[in-house]
Amino acid sequence: MTANYIRGSHPELGDMFAAWDPSSHHVEPAVRPSRFGARLAPFRSRLEAEQALLEEGAVIEAGGALG
């Protein structure tokens, strides 16, 4: 599995990560406090990962993608 990452910043929780991997199956996607944790729970698309970060209250800065 090759995951791409995007980082968001939350005013109280600090950095938050979401990964995406179109080939992922049978996992519950989630926003996590580490890149490793996000890799274990990837979303199917970058758009889904970005939306999840925004729903958690994170701000995605330009250049926030890591993958």
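Author: Begin with a definition: a residue is buried under 20% relative accessible area, exposed over 50%, and partly exposed in between. Asp15 has a relative accessible area of 39%, so Asp15 is partly exposed. Keep in mind that this is a predicted model.

Reader: In what order do the elements run from the N terminus on?

Author: The protein has two helices and two strands. Strand β1 covers residues 4-10, and strand β2 covers residues 14-20. Helix α1 spans 35-39 and helix α2 spans 46-55. From the N terminus on, the order is β-β-α-α.

Reader: Over how many bridges do β1 and β2 pair?

Author: A hairpin of three residues joins β1 to β2. Across the pair, Arg7 stands opposite Phe17, and Gly8 stands opposite Met16. The two strands pair in the antiparallel sense, and the number of bridges is seven.

Reader: How many of the residues of β2 are buried?

Author: In the protein, buried residues make up 36% of the 67 residues. Strand β2 is mostly covered. Asp15, within residues 14-20 of this strand, is partly exposed because its relative accessible area is 39%. Of the seven residues in β2, the number buried is five.

Reader: Which residue forms a salt bridge with Asp15?

Author: Side chains of opposite charge can pair when their charged atoms come close. For a salt bridge, the nitrogen and the carboxyl oxygen must be within 4 Å. Here the N to O distance is 3.5 Å, and the partner of Asp15 is Arg7.

Reader: What is the distance between the closest N and O atoms of Arg46 and Glu50?

Author: The count of salt bridges comes to two, and Arg46 with Glu50 is one of them. Both residues lie in helix α2, four residues apart, which is about one turn of the helix. Arg46 is partly exposed because its relative accessible area is 34%, and Glu50 is partly exposed because its value is 23%. The closest N and O atoms of this pair are apart by 2.7 Å.

Reader: Which side chain of opposite charge is nearest to Asp21?

Author: Asp21 sits in the loop between β2 and α1. Asp21 is buried yet has no salt bridge. A salt bridge would need a nitrogen within 4 Å, whereas the nearest side chain of opposite charge is 7.1 Å away and belongs to Arg44.

Reader: Which residue has a side chain joined to that of Asp21 by a polar contact?

Author: Although Asp21 has no salt bridge, its side chain does take part in a polar contact.

Reader: By what distance are the C-alpha atoms of Pro42 and Ala19 separated?

Author: Pro42 is found in the loop between α1 and α2. Pro42 is buried because its relative accessible area is 2%. Along the chain, Pro42 and Ala19 are 23 residues apart, but their C-alpha atoms are separated by 4.6 Å.

Reader: What is the separation between the C-alpha atoms of Ser45 and Ala19?

Author: Ser45 also lies in the loop between α1 and α2. With 25% relative accessibility, Ser45 counts as partly exposed because the value falls between the two limits. Ser45 and Ala19 are 26 residues apart along the chain, and their C-alpha atoms are separated by 8.5 Å.

Reader: What is the phi of His26?

Author: Most residues other than glycine have a negative phi. His26 is found in the loop between β2 and α1, and His26 is exposed because its relative accessible area is 84%. Although His26 is not a glycine, its phi is positive, at about 60 degrees.

Key:
Residues numbered from 1 in each chain as written. Predicted model: local features only at pLDDT ≥ 70, side-chain atom pairs only at ≥ 80, totals over all residues. Heavy atoms only, no water. Buried < 20%, exposed > 50% of the residue type's maximum accessible area, 1.4 Å probe, protein only. Pairing = 2+ DSSP bridges. Lys, Arg positive; Asp, Glu negative; His and termini not counted. Polar contact = N/O pair within 3.5 Å; in protein donor to acceptor, adjacent residues only side chain to side chain.
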